[in-house]
Amino acid sequence: MSRNIPLYILKIGGSVITEKEKNKLKAKTKVIKRIAKEIAMARKRKKFLLIIVHGGGPFGHSMIKKYGIENGIKTKRHINGLIKTRQALAT
């Protein structure tokens, strides 16, 4: 990596890109596309490296709450919940 090219980390919250407030397992595709276009426009103006991280919104939070795994994996039910949470996040 060149020392002259800045590196940024952008965290996009799950509530921004999912229907978290409605607790629906649905991505806000229009918002995601808008953010992608804004990033592309910014990269045309200035060369930079970018790492994007994002939250899970209801894809993760609702399952974690449902299976009670916020404090760790201790039972078979927790393992099942972890698997279902991972599947929901992959969606």
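Which residues are exposed on the other side of helix 4? I looked up K76, R86, Q87 and A90, and they are exposed there; exposed is over 50% relative accessible area, buried under 20%, and partly exposed in between, with a 1.4 Å probe and protein chains only.

Ground rules. I worked on a predicted model, where local features need pLDDT of at least 70, side-chain atom pairs count only at pLDDT 80 or more, and totals for chains, interfaces and linings use all residues. I number residues from 1 along each chain as its sequence is written, and side-chain values use heavy atoms, with hydrogens and water left out. Helices (H or I, at least four residues) and strands (E, at least two) are DSSP runs, numbered from the N terminus.

Helix 4. I checked residues 76-90: the helix has 15 residues and spans 21 Å from its first C-alpha to its last, close to the 21 Å expected at 1.5 Å a residue. The expected span is 1.5 Å times one less than the number of residues. I found H78, G81, T85 and A88 buried in helix 4. Seen down the axis, the buried residues of helix 4 fall within an arc of 80°, so they line one face; the arc is that of the directions from the helix axis to the C-beta atoms. At the start of helix 4, I noted a side-chain oxygen of T75 within 3.3 Å of the backbone nitrogen of R77.

Helix 3. I looked for what covers the buried residues of helix 4, and helix 3 (58-67) is included. In helix 3, I list P58, F59, G60, M63 and Y67 as buried, and these buried residues pack against helix 4. Just after helix 3, G68 has a positive phi of about 65°.

E19. I placed E19 in the loop between helix 1 (14-17) and helix 2 (29-45). E19 is buried, at a relative accessible area of 14%. Leaving aside neighbours within four places in sequence, I found E19 in contact (heavy atoms within 4.5 Å) with K24, K26, K28 and P58.

Largest pocket. I read a space of about 260 Å³ for the largest pocket. A pocket here is an open set of points on a 1 Å grid over the protein atoms alone, with protein on both sides within 12 Å along at least five of seven lines, and lining residues have an atom within 4 Å of a point. I counted 15 lining residues, of which I17, A27, I32, H54 and G55 lie nearest the centre. Helix 2 supplies the largest share of the lining, four residues; helix 2 and strand 2 (49-54) each supply at least two.

Methods:
Polar contact = N/O pair within 3.5 Å; in protein donor to acceptor, adjacent residues only side chain to side chain. 1 Å grid on protein atoms, 1.4 Å probe; cavity = no way out; pocket = protein on both sides within 12 Å on 5 of 7 lines; lining within 4 Å. Points joined across faces, edges and corners; volume = space filled by probe spheres on them.
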